[in-house]
Amino acid sequence: MEWLVMDVLNFQCFLPTIYNFLWFYLKAAKADADVEKRAKYLAVLALSDHEQLRYWPSTVAAGVVIMASMDSNQHGLYHQVIEIHMRTKDNDLPECMKSLDWLVQYIR
């Protein structure tokens, strides 16, 4: 019955991915084109790792933007991302960042 109601009201349901949150964190970090390019590349790589399914897509997106900012030596950018992400109830960003360590070898 719920599907019928959603169909009649023309609701479109979808599951959020890393990309739904990536633009938000890039904007929050005021990222330049280089950081954005690196973050998007890292997001593609992160999607290939099934271990990232343990974390919310917003957490993985925040981790990817932070890693791209750190690699570009723009350390001031990622503080805003951390501050915004810490407003959420989950506090597994440091753990997620550790699981994304393997991505650093592909940045360069």
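Contact means heavy atoms within 4.5 Å. By that rule, residues 24 or more positions apart account for 77% of the contacts in the chain with a separation of 6 or more.

This is a predicted model: local features need pLDDT of at least 70, side-chain atom pairs count only at pLDDT 80 or more, and totals for chains, interfaces and linings use all residues. Residues are numbered from 1 along each chain as its sequence is written, and side-chain values use heavy atoms, with hydrogens and water left out.

**Stop 1: the whole chain**

Show the chain as a cartoon. There are 7 helices and 0 strands. Helices (H or I, at least four residues) and strands (E, at least two) are DSSP runs, numbered from the N terminus. Read from that end, the elements go α-α-α-α-α-α-α.

The chain exposes about 7,300 Å². Carbon and sulfur atoms supply 60% of that area. Accessible areas come from the Shrake-Rupley method with a 1.4 Å probe; for residues, only the protein chains shown count as cover. Of the 108 residues, 41% count as buried. Buried means under 20% relative accessible area, exposed over 50%, and partly exposed in between (1.4 Å probe, protein chains only).

**Stop 2**

Select helix 1, residues 2–8, and find valine 5 in it. Valine 5 has 43% relative accessibility, so it counts as partly exposed. Together with Val5 they form a nonpolar patch on the surface, with about 680 Å² of accessible area. Patches are made of residues with over 30% relative accessible area and no salt bridge; like charges are joined within 9 Å, nonpolar side chains (Val, Leu, Ile, Met, Phe, Trp, Tyr) within 5 Å.

**Stop 3: the loop at lysine 30**

Move on to the loop between helix 2 (18–28) and helix 3 (33–47), where lysine 30 lies. Check its backbone. Phi of lysine 30 is near 50°, a positive value in a residue other than glycine. Is lysine 30 buried or exposed? Lysine 30 counts as exposed because its relative accessibility is 70%.

**Stop 4: salt bridges**

How many salt bridges does a search of the whole structure find? The search finds 3. A salt bridge is a side-chain nitrogen of Lys or Arg within 4 Å of a carboxyl oxygen of Asp or Glu.

Go to helix 3. Select arginine 38 and aspartate 34. Their side chains meet in a salt bridge at 3.2 Å, N to O. Both lie in helix 3, 4 residues apart, about one turn of the helix. Arginine 38 is partly exposed at 24% relative accessibility, and aspartate 34 is partly exposed at 34%.

Stay in helix 3 and pick lysine 40 and glutamate 36. This salt bridge spans 2.9 Å, N to O. These two residues of helix 3 are also 4 residues apart, about one turn of the helix. Lysine 40 is partly exposed, with a relative accessible area of 38%. Glutamate 36 is partly exposed as well, at 31%.

Now select glutamate 51 and arginine 54. Their side chains meet in a salt bridge at 3.3 Å, N to O. Glutamate 51 is partly exposed at 34% relative accessibility, while arginine 54 is exposed, with a relative accessible area of 53%.

**Stop 5: helix 4**

Select residues 57–71. Helix 4 has 15 residues and reaches 21 Å from its first C-alpha to its last, close to the 21 Å expected at 1.5 Å a residue. The expected span of a helix is 1.5 Å times one less than its number of residues. Helix 4 is mostly covered, with 14 of its 15 residues buried. Asparagine 73 follows helix 4 and has a positive phi, near 55°.

**Stop 6: isoleucine 82**

Select isoleucine 82 in helix 5. Its relative accessible area is 29%, so isoleucine 82 is partly exposed. Which residues is isoleucine 82 in contact with, leaving aside its neighbours within four places in sequence? They are Ile66 and Leu93. Draw a distance to alanine 28, which is 54 residues away along the chain: the two C-alpha atoms are separated by 9.8 Å.

**Stop 7: aspartate 92**

End in the loop between helix 5 (75–85) and helix 6 (93–99), where aspartate 92 is found. Aspartate 92 is buried yet has no salt bridge. The nearest side chain of opposite charge, arginine 54, is 8.0 Å away. Here Lys and Arg count as positive and Asp and Glu as negative; His and the chain ends are not counted. Not counting residues up to four places away in sequence, aspartate 92 touches Tyr55 and Thr59.
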